[in-house]
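Subject: Structure handover

Hi,

Here is the structure for you to open. My notes on it follow below.

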Amino acid sequence: MSDGDVLGNGAAAVEDEDTILSVQGLTKHFSQSDGMLSGLWDEPPVRAVEDVSFDVKRGETLGLVGESGCGKSTLARTILRLVDPTDGAVYFNGDNLAELSGSDLRECRRDMQMIFQDPQSSLDPRMKVGPIVEEPMKAHGLYEGEREERARELLEKVGLDPHHYNRYPHQFSGGQRQRINLARALSVNPDFIVCDEPVSALDVSIQAQVLNTMQELQDEFGLTYLFIAHDLSVIRHISDRVAVMYLGQMVELAETEELFEHPKHPYTEALLDSIPVPDPRATGTRSVLEGDVPSPIEPPSGCRFRTRCPKLIQPDEFSMSDDEWAAVREFARAVKRRTFEAADGQSVRAQFFPDGTPSGSAGSTVETAIEEIADDEWDAASERLVSTFADASICATEKPSYAVEPTVGDGEHFAACHLHREDIEAPAPADD
Ligand SMILES: Nc1ncnc2c1ncn2[C@@H]1O[C@H](COP(=O)(O)OP(=O)(O)OP(=O)(O)O)[C@@H](O)[C@H]1O
């Protein structure tokens, strides 16, 4: 594949007829304080979405997955310009949304609809269902004189009884309310629907039914979906391709089978490993991820996942064996968190380096840190280990962006991980 395809490099992607949406270097920062006092202090912003680029192909479902707080909703809202981007551009059907105004912008807004997680709160409880479905048609001045007929038709299409036109939202179940939302979104005949966790609030038994209806409607109306969910089984069921986000950035994007069967980013691997196993003896979800998600106010440099990554790459200047490098990292982590008692050097060595400390300058650094711990100078030891090993890794010094060879299929596979340094480096838009 060509370097720019996954990341959507400007005009080529925008002019591509198969591309309905092209997101380029999209960035959204929030100020930490709202209202009158905002901006008085020079507080660093919340970097909710940073430098995200991808294309959505006409007629596909692109799944967007990631843990809570990784920026999925902010990305969706920024794409639809419900919030203004800090940087970057969104092209819809080839038009830069930032440059549209007047009737062009209205038309574009009509073509891009959104449905939300909570079907209850997004429906006005005082309005009957029919008028709810007709509302967007009215707002856009469409289908005058045939709105009621169209609303009834759409209710039927989404699997509801058209005779329920005069009922109120509270008279419907959660799944039915989400179907009402679908009918409303469809009323203005959009091309593209952003679905933000549309089935997360529903019972599992209902989820599959609503997803199936969404797929039928997609085929019938030629819709394109950007489908956001944190539930990997939902994403796998509905998506043609899947994009994975971590801490405001895109870390992997590939066709669904490729991503689930052959993930190429350690974060995706960890997410997949934490899917609950259908084993009656298993106790809940297991997670191989260490530590907490860092703050989006001061995210790690380079690869944002590196502080939790089990595959952090050792700095080029060292040539430790895998076992030595694993021991050094475990030691550095334990020192940072002070998970063991300060003791003489020999017992620290016995605990972390039973086969001996590494040779060369890596070993000298470890030995100095062991001495510092024996002198109860934990902070100095931790700083030494972090600056020598973690901060000097390519994972900390360079932002990764690679186009990797897919294992199955011939689709594009983007992985933001330096383990793929041998693959083609895909040009990402510049950091801010
Ligand atoms: N208006 C805002 N002001 C400040 N920070 C915000 C605002 N909206 C979102 N954030 C922050 O931006 C980050 C991304 O939030 P976002 O809601 O987009 O994540 P998400 O992946 O959609 O999470 P969830 O699945 O829980 O909805 C979070 O750290 C959040 O606290």
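Helices (DSSP runs of H or I, at least four residues) and strands (DSSP runs of E, at least two) are numbered from the N terminus. Axes are lines fitted to C-alpha atoms, for helices over the stretch in contact, and angles run from 0 to 180 degrees between N-to-C directions.

Two points on the source. This is a predicted model: local features need pLDDT of at least 70, side-chain atom pairs count only at pLDDT 80 or more, and totals for chains, interfaces and linings use all residues. Residues are numbered from 1 along each chain as its sequence is written.

**The helix pair**

Helix 12 (residues 322-337) packs with helix 14 (residues 360-374) at an angle of about 25°. Their axes are 12 Å apart. The crossing of helix 12 and helix 14 is left-handed: the near helix is turned anticlockwise from the far one by less than a right angle, whereas clockwise would be right-handed.

Which residues meet? Helix 12 brings V328, F331 and V335; helix 14 brings A362, V366, A369 and I373. Contact here means C-beta atoms, placed from the backbone, within 7 Å. By class, this contact has 7 nonpolar, no polar and no charged residues. Ala, Val, Leu, Ile, Met, Phe, Trp, Tyr, Cys and Pro count as nonpolar; Asp, Glu, Lys and Arg as charged; the others, Gly among them, as polar.

An open sheet has 4 strands in the order 2-1-4-5, with antiparallel pairing. Strands pair if DSSP finds at least two bridges between them. Strand 2 and strand 5 (95-96) are at the edges with a single partner each, so one side of each has no neighbour in the sheet.

Strand 1 (residues 19-30) is joined to strand 4 (residues 87-92) by 5 bridges. V23 has V90 as its bridge partner in strand 4, and L21 has F92. F92 also has a bridge partner in strand 5, D95. Strand 4 and strand 5 share 2 bridges. They form a hairpin with 2 residues between them, and N93 in the turn has a positive phi of about 50°.

**The ligand shell**

There are 13 residues around the ligand; F30, A48, S68, S73 and T74 come nearest. A residue counts as near if its C-beta atom, placed from the backbone, lies within 6 Å. Strand 2 (46-57) and helix 3 (72-79) are the elements that give two or more residues. Helix 3 gives the most, with 3. The shell divides into 5 nonpolar, 7 polar and 1 charged.

Best wishes

Notes:
Two residues are in contact if their C-beta atoms, placed from the backbone, lie within 7 Å.
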